[in-house]
Amino acid sequence: MKILVTVKEVAEAADDFEIDGTDIGEQYLEYDLNEWDDYAVEAAVQLSEAYDDVETVSVTIGPERSEETIRMALAKGVDRAVRVWDDDVAAAELDVAAKTRLLSAVIAEEEPDLVLTGVQAADDGFGATGVSLADDIGFDWAAVVNHLETEDDLSTAHVHRELEGGIEELTDVDLPAVLTIQTGLNEPRYASLRGIRAAQSKEIAEYGLDDLGLDADAVASPISRTAMYEPETESDATYFDGSAEEQAAQLADVLRNKGVVSE
Amino acid sequence: MSDVLAVADHRRGAVRDVSVEMVRAGRELAADLGGDLHLAVIAGDTDALAETLSLDGVDAIHTVEAGAEFNHDLYAGATAALFEELSPTALLMPNSVNGLDYAPAVANRLDLPLVADAVGLAYDGGLEATREMYASKVATTVELSEEPFAVTVRGGEWAAVEERADVPVEAFDYEFDESASGARVQGFEEVGAGDVDIADADFLVSVGRGIEEEENLELIEELVEATGATMSSSRPIVDNGWLPKNRQVGQSGKQVTPDVYLAIGISGAVQHVAGMKGAETIIAINTDPNAPIFDIADYGIVGDLFDVVPALIEQFE
């Protein structure tokens with residue numbers, strides 16, 4: 001069995017930042033493994049540990065810089081990695097459809113039995129690629145999975161989907177399938193020193209559009225970002241100033257006045 | 001005609017709030033486009049649901065009788081079929097958990113560009129949508145150069161339409177073979193039942209990612225003890241297994257309406273705010289002055305919780 005897990009390197013904005021054009025200035029961005037994908041990686045590695053003959057492969061659409069993030073997934077136990085990038089991809093503003101086309105082409109190469117993705121990416125928050133991909137490749141799917149069990153013969157996944165308001169939907173999904181993974185599904189492991197060392201020698205295959213049998217049209221997108229701005233603060237909060245003790249004293253007064261703390 | 005088709009969200013017989021909010025988003029967009037607003041109601045007691053959704057600004061309701069509850073194969077198939085029948089310019093779906101489970105499939109199937117999680121929509125010869133990025137630190141506008149298009153709309157961003165109207169309802173014939181669906185809903189489960197119901201508390205001390213380590217929760221426990229409050233949390237604390245699920249406030253956790261909500265080390269992600277904005281008084285302690293929690297707070301302390309909380313405990317000892 002082969003499990004493909006999508007791994008995205010996401011940008012996080014510093015507390016204080018400035019906008020440069022239609023994005024946050026590069027110097028204010030830090031890159032990390034997408035939190036949701038971390039749970040997907042853990043799910044993939046746990047399945048590979050639970051069953052014999054499971055190969056786990058991560059796939060990333062990202063520049064060379066993202067190899068650091070990919071190594072993190074490899075250090076956690078993913079067997080090998082695929083990275084998709086070239087000049088045309090770099091120049092494109094990838095929308096859901098473009099990402100779907102790229103990932104579908106990788107799926108055609110790798111022929112996995114199960115695809116795990118994070119529910120969404122922490123930076124752009126579209127939350128759409130996994131289900132779009134599933135539809136494109138003709139796999140069954142489930143979105144926002146926060147509990148996963150598999151039949152012994154790996155024919156079916158029993159999942160919980162986390163609905164709003166503290167309700168979970170219990171669903172059975174036939175494999176092959178794409179599952180989009182919610183945080184809290186498991187406890188992502190830290191990469192061990194041994195894992196980090198092992199990751200250095202694991203393969204990261206690089207694919208460009210040509211290698212995937214695609215051309216620049218595959219990454220053309222009708223969606224373009226035209227502006228970015230800091231939302232006007234709607235805050236009309238009363239702020240407590242002074243030392244921590246002074247702030248705490250003012251806060252204590254409010255709590256007493258509201259009658260929620262009795263002396 | 002440049003019509004809008006919006007797909008309603010419902011669960012266990014009740015129309016979900018995002019549906020009536022989407023009616024407003026849809027009718028505003030339909031007005032910009034100069035077309036009609038069509039609403040799709042798929043599965044469940046469609047007559048009753050259509051009755052609830054007979055709202056001002058809706059020009060037609062199309063019902064699809066198939067199954068009792070949400071099934072993404074049904075929703076994706078029926079939405080795509082209805083889209084092909086009506087040929088609208090805009091397809092609106094909710095950015096709810098169920099929306100996440102079928103909207104991208106519909107967009108892929110119909111080869112429509114998809115803008116997800118829109119918080120604002122305008123049309124002036126082309127769609128311009130507003131979205132947020134980087135954990136709501138910034139807003140962006142995106143423009144679409146293609147029509148038709150699909151959009152999922154975020155709940156809570158448009159005011160619900162409440163004015164009733166007499167909207168024509170038409171059954172849309174869509175054959176769905178549930179047994180052929182690769183995903184089968186087996187049931188529902190309430191989570192988070194436990195000894196404490198945070199929804200009943202008058203004073204919640206709620207802790208978030210800023211607490212950093214599980215051991216540091218002791219500090220919040222001391223505060224809870226000193227003030228007689230009830231402890232709740234944002235999602236990461238529950239994800240880490242530091243508190244049980246029944247303590248989680250937010251979209252996927254509990255909705256709470258205490259007299260006072262003291263948010264400690266919580267940035268105020270939109271999913272969290274959805275669960276606590278009904279609190280009478282909101283107080284936030286956070287090191288980041290730009291944290292979104294301050295936008296909805298009545299009182300704020302920009303400071304380190306590890307300095308402020310011990311000082312606050314002293315106030316009550």
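This note goes through a predicted model point by point, from chain A as a whole to single residues in chains A and B.

1. Basis. In this predicted model, local features need pLDDT of at least 70 and side-chain atom pairs count only at pLDDT 80 or more, while totals for chains, interfaces and linings use all residues. Residues are numbered from 1 along each chain as its sequence is written, chains are lettered from A and ligands numbered from 1 in the order in which they are written, and side-chain values use heavy atoms, with hydrogens and water left out.

2. Chain A overall. Chain A has seven helices and 15 strands; helices (H or I, at least four residues) and strands (E, at least two) are DSSP runs, numbered from the N terminus. Its C-alpha trace spans about 65 × 45 × 40 Å along the principal axes. Of the 263 residues of chain A, 56% count as buried; buried means under 20% relative accessible area, exposed over 50%, and partly exposed in between (1.4 Å probe, protein chains only). Contact means heavy atoms within 4.5 Å. Among contacts in chain A between residues at least 6 apart in sequence, 69% join residues at least 24 apart.

3. Helices α4 and α5 of chain A. Helix α4 (residues 96–110) of chain A packs against helix α5 (residues 129–137) of chain A at an angle of about 55°, and their axes are 9 Å apart. That makes α4(A) oblique to α5(A). Axes are lines fitted to C-alpha atoms, for helices over the stretch in contact, and angles run from 0 to 180 degrees between N-to-C directions. Angles under 35 degrees count as roughly parallel, over 145 as roughly antiparallel, 65 to 115 as roughly perpendicular and the rest as oblique. The crossing of α4(A) and α5(A) is right-handed; a crossing is right-handed if the near helix is turned clockwise from the far one by less than a right angle, and left-handed if anticlockwise.

4. Residues of that contact. From α4(A), A:V96, A:K99, A:T100, A:L103, A:S104 and A:I107 meet A:T129, A:S132, A:L133, A:D136 and A:I137 of α5(A). The residues of this contact divide into five nonpolar, four polar and two charged. Ala, Val, Leu, Ile, Met, Phe, Trp, Tyr, Cys and Pro count as nonpolar, Asp, Glu, Lys and Arg as charged, and the others, Gly among them, as polar.

5. Cover of α5 in chain A. Seven of the nine residues of α5(A) are buried, among them A:G130, A:V131 and A:A134. What covers the buried residues of α5(A) includes α4, β8 (114–118), β9 (140–150) and β12 (177–181) of chain A, together with α4 of chain B. Just after α5(A), A:G138 takes a positive phi of about 75°.

6. Helices α2 and α6 of chain A. The axes of helix α2 (residues 67–75) of chain A and helix α6 (residues 193–200) of chain A come within 8 Å and cross at roughly 120°. The two helices, α2(A) and α6(A), are therefore oblique to each other. In this contact A:R71, A:L74 and A:A75 of α2(A) meet A:G195, A:I196, A:A199 and A:Q200 of α6(A). By class, the contact has four nonpolar, two polar and one charged residues.

7. Nonpolar cores. A nonpolar core is a set of buried Ala, Val, Leu, Ile, Met, Phe, Trp, Tyr and Cys residues joined through side-chain atoms within 4.5 Å. The largest has 62 residues, and those with the most contacts inside it are A:V84, B:I42 and B:L91. Helix α4 (residues 97–110) of chain B gives the largest share of this core, eight residues. A second, separate core of 37 residues includes B:L33, B:A118, B:L121 and B:L127. Leaving aside neighbours within four places in sequence, A:V84 is in contact with residues including A:V59, A:I61, A:L102 and A:Y207.

8. Backbone points to check. Most residues other than glycine have a negative phi, and most peptide bonds are trans. A cis peptide bond joins A:L175 and A:P176, with omega about 5°; A:P176 is in the loop between β11 (167–174) and β12 of chain A. The peptide bond from B:E147 to B:P148 is also cis, with omega near -5°. B:D111, not a glycine, has a positive phi near 55° and is exposed, with a relative accessible area of 60%. B:Y134 has a positive phi of about 50°, but B:Y134 is buried, with a relative accessible area of 7%.
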